[in-house]
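Subject: Structure handover, salt bridges

Hello,

Please find the structure below. My notes on its salt bridges follow.

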Amino acid sequence: MLWRVCRSAAAAWRRPLSRPLSQLPAVDQDVHGFRVRQVRELPELSASAALLEHQTSGAQYLHVARDDPDNVFSIGFPTTPQDSSGVAHILEHTTLCGSRRFPARDPFFKMLNRSLATFMNAFTASDWTMYPFSTCNEADYMNLLAIYMDAVFEPRLERLDFLQEGWRLEHENPEDPSSPIVFKGVVFNEMKGALSDRHRVFAERVQNALLPSHTYRHCSGGDPLHIPELTWEQLKQFHATHYHPRNCRIFSYGNLPLEPRLKFLHEQYLSRAPAVAASDTRVPLEPRWDAPRREQLKCRYDPLSPRTDRQASVAVSLLVGDVTDSYESLLMTVLSELLVDGPASPFYQALVESGLGDDYTPHVTGFDNSCRETVFSVGLQGVADADTDKVVEIIDKTLAEVAEKGFEQERVDAVLHRLELGRKHQSNHFGLGLVMQVVAPWFHGGDPLDALSLDTHLARLRREMADNPRLLQERLTRLLRDNRHRLVTVMTPDLALEAELQKKEADMLAGRVAALSDADRQRVLEDGRLLQEKQAAGDDASSLPMLDVRRDIAPHAPRAKVRRETVSATPVQVSEQPTNGITYFRAVVDTSGVPAYFRPLLPLFCRLVTSMGAGQLDYRQQDQQQQLWTGGLSAAVTVTDHPSEPGRYEEGMLLTSYCLEQNAERMFGLWEDIFTGVTFENRERLSSQLQMSAAELANSVPHAGHQYAMSSAAAGLTGSAQLRQLYSGLDQVRYVRQLVTDGELDMTVTKLKMLAEMLLMKDGMRCALNGTAAGLPPALAGLESLLARALGEGRAESWVQPEFAPAGCQTYVELPMPVHYAARCVPTVPYAHPDFAALRVLARLLSLGHLHREIREKGGAYGGGAVASPAGLWSYYSYRDPSSLATLRVFDGAVQVARERDFSPEEVDGAKLGVFQAVDAPVVPAQRGMRHFLHGITDDQFDEHRARLQAVTRDDLRRVAETYLARPAVTGTCILGKQCPDLDSSWQVQQS
């Protein structure tokens, strides 16, 4: 947080969070070309809001005023493509490649090192595109506002940018005309990677088939087999008709005054709307079907799945209602959670615990209100091909039974409690969450203020349920059980599919290459040369604004006020914070004494310890009590490196929960049940949880492949990295898969019970509480009751430093994906070392400079960069990369760039700004004091690190590159993904 610009936290806490309506313009008032249509108080958000319309252009503007310094802006457009060429997605990329006022190449990425933004991004959804940012600095806000507005309304959309970001034909080696011509392009490769996730493909196809009459029948992100159908001219036309002021929706949030923004928008852009007509982006309601339909799909085989004979997915999807009706959407949200959420829900019991599959179908199951019309789906993954019809029969039977029997009142109360608690819980990027909440109904003609008025809709729902106890059953019967607009989707694995897709792409490429005339071939060669020259050329960024790293960053960050107490021989950190009536509890339990034989089981133990039942509660009752009184109880394995001593680290189990402050006794009572009476005896529940865990881990690889690659590359370099690979890397994926394959539940139960005896005690435990002045006394009383019954004695820290011999390795893991994820790691220094600041600045400088240019722009990968970790590791990575071996050479070249390039003062200052975006990011009340409690970093160490960041020089960057990166004593490298035939014998090939 920028403490010079943003008011001090202490002062902010003394003021009311909401901004009074009197500070907003009145209804029907005209302000800088805008007319105010509505003004409303939103007490559930501690905010007030105004909805305005620009009189000339028709643009709509929603402002939410709240005393939050993390100010948000977003501009978005309905984008409704009529094909799967990815036009909306590629346009999102190319709009950010330079504009009229800011002609620098790629100003979006350059601003990442010229700003203190707490968030910058752009999204393309099925039917809209949005450009949001947030920052605490008012000057930064206006800078980014100008850049974003110019990008969307005045982009250059140059042909070479289209070829780079979208797709192109280019020689494999652009400098060698005899090398093969191939497809390249950032979005082309991004979507190849995205659609290698079979569950994402499943969700995409469900939407295509359930809503087939308009834009949803197409893949808005782009299908790689159709992306080459898009032309540069079509892209420009799509922009001219869709990015029209009449179509735009503008959102802002925070404590900055509204009028300066309205004045800027009116004078600079909206008052001179283009003459070209805006495209009609309205999405019509889907014609209702007379009879259900069925869709059959094929998917890639997943070698990470524990069951080779059970890899099908099946779902039933129903078109429900109009997304603009916020009350009905809330009602369906409640109904959906009652049906599918938690082990007490009907579908969990009937489907997940049926033994027919592993878990719900991801990205699909539940209520979806992201499109013009809402959808409810429920399904199962990890199903045998022969059992798919059985799943559908169970779904039908369950809907019929629930329509007849209804729901227990306690379950309804638990769901409503969780919704209300979630509204009071303030997480990071709160304002961004609000715009995501209103985007679908607003873009389709609904009232965005109505979409934000949760309390009003909840009050209505409670009244209507009191008047009609069968309300939920009647909605279920009409909207779900008797709904004929119903789709059954079945996806089965096909071992030949990967080869089939590769052949289709190869045939498409061969056809395009064969059709090239001599002049076309010369154009391909010339385009490749021109693009290389543009990518290699220096870029004048003088048109882009930039904050001053010395003026705009405060020398000291505020310190969270904490006090340390001892409760029942256990150290407790207590911090009084404005938590909006919520109490937050955390505890770290030392796991360093767990024998090596048990350690691979720790992540699974953490998953199960709060969900298997405890005390007098079975696992269903336990889950329901957690929902009724808390925001959930959870446990996770942590490995924290000592901030100043290399090789030392803390192994722990982190316990977390939160609740309304009046429910603290209930929350700690649930923890007390776990500490004194957790059970693992239910074999069916254990088997189900094992299968779910295996499926979740396998499903995570396509999305987080770069993280798995970095973990594998680092595993041989430090003891803590080796543990992380065991707990959250590919080793854990393989371990859980083997547990499912072996099926030795009795042995697993025995080990889980032994782990409970080792860990569920206060020996080696420390705790933390964040809450209000009124909420902390009952929280301390509840914690004291818990600790009084727990065995042992607590202690503040439990750092260990076992012997470890670093060993480098080059590892390749083949997975059925059309892209790679590559990583290379070397050991450096920990957080508090004087050189860590320079390494952190260098990583930022290379990531958004050399590595971005070489890996993304030239290489066509979706992303890549470098990370200097406080754990004492330097990591390079690439994401959805078509050519990983070339990327490894880029990693090598980055060291030379760092050693030899004479970085300008502006480049160095920009990298510092980029680092401070994370260092000084706003900290919500629930997280204050956690830097020291969870990571061992004292306030003095934090201030010292900030001062060192400010003091980094060009010479420091060259020195740390030479010292740590040029000739590392040991290096780890990993490639995950498609076949890599050019590897030499130095590579270790691992099975997936």
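Which side chain does R35 meet in a salt bridge? The partner is D30, with N and O 2.7 Å apart. A salt bridge here is a side-chain nitrogen of Lys or Arg within 4 Å of a carboxyl oxygen of Asp or Glu. R35 is partly exposed at 26% relative accessible area, and D30 is partly exposed at 46%. Partly exposed lies between buried (under 20% relative accessible area) and exposed (over 50%), using a 1.4 Å probe and protein chains only.

On the source: this is a predicted model, in which local features need pLDDT of at least 70 and side-chain atom pairs count only at pLDDT 80 or more, while totals for chains, interfaces and linings use all residues. Residues are numbered from 1 along each chain as its sequence is written, and side-chain values use heavy atoms, leaving out hydrogens and water.

The search of the whole structure gave 70 salt bridges. Among them are these:

- E526 pairs with R529, the closest N and O atoms being 2.1 Å apart. Both residues sit in helix α19 (residues 518–536), three residues apart, or about one turn of the helix. Helices are DSSP runs of H or I, at least four residues long, numbered from the N terminus. E526 is partly exposed at 27%, and R529 is partly exposed at 34%.
- E565 pairs with R563, with 2.5 Å between the closest N and O atoms. E565 has a relative accessible area of 26%, and R563 has 37%.
- R100, D150, E154 and R272 are joined in a network of salt bridges.

Regards

Terms used
Helices (H or I, at least four residues) and strands (E, at least two) are DSSP runs, numbered from the N terminus.
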